[in-house]
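Here is a short report on one protein model.

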Amino acid sequence: MTVNLAIENPDYYAAIFPIWFVHALNDVVVQFQPTAGDLYDRLVEAGHENVELTIFDNVIDTSGQFVDADGNPYEYLGHWSWIYLYNDEVANEEGVNFYE
């Protein structure tokens with residue numbers, strides 16, 4: 001929705017960049033393709049340089065507080081990929097953290 005607003009109102013939203021997409025491939029609510037994956041590709045092809053993409057296979061608890069019956073880290077729904085961002089665990093290929 002944010003991207004739609006920016007595209008439909010370019011004079012109002014002058015600075016929507018940088019954009020950092022964070023997505024889990026097992027997200028059953030919002031599929032990676034054709035949403036974040038396609039949009040990321042289109043922005044890069046259009047020449048935008050401040051666009052980042054971090055993809056996770058799944059979303060697991062990294063705090064050590066939540067485990068499944070076998071003692072493995074609890075696996076959240078893929079749509080919860082924001083947890084990694086919230087916990088400051090997202091960085092690009094150069095090691096630059098989202099919050100830097």
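## A buried asparagine

Asn 97 sits in the segment that follows H3. This is a predicted model. Is Asn 97 buried or exposed? Its relative accessible area is 15%. The cut-off for buried is under 20%, so Asn 97 counts as buried.

The Asn 97 side chain has a polar atom 2.8 Å from the backbone nitrogen of Tyr 99. What does Asn 97 contact beyond four places in sequence? Its partners there are Trp 20, Asp 88, Val 90 and Ala 91.

## The nonpolar cores

Two of those partners, Trp 20 and Val 90, belong to the largest nonpolar core. That core has nine residues. Strand S1 (19–24) and helix H3 (82–86) each supply at least two of the core residues. S1 gives the most, with three.

Setting aside residues up to four places away in sequence, Val 22 touches Thr 54, Phe 56, Ser 81 and Val 90. There is also a second, separate core of seven residues. Among them are Ile 19, Phe 21, Phe 32 and Leu 43.

## A partly exposed phenylalanine

Phe 66 lies in the loop between strand S3 (59–60) and strand S4 (75–76). Its relative accessible area is 42%, so Phe 66 is partly exposed.

Phe 66 still has contacts beyond four places in sequence: Asp 61, Asn 72, Pro 73, Tyr 74 and Tyr 76.

Technical notes: Residues numbered from 1 in each chain as written. Predicted model: local features only at pLDDT ≥ 70, side-chain atom pairs only at ≥ 80, totals over all residues. Heavy atoms only, no water. Core = buried A, V, L, I, M, F, W, Y, C linked by side-chain atoms within 4.5 Å. Buried < 20%, exposed > 50% of the residue type's maximum accessible area, 1.4 Å probe, protein only. Helix = DSSP H or I, 4+ residues; strand = E, 2+ residues; numbered from the N terminus. Contact = heavy atoms within 4.5 Å. Polar contact = N/O pair within 3.5 Å; in protein donor to acceptor, adjacent residues only side chain to side chain.
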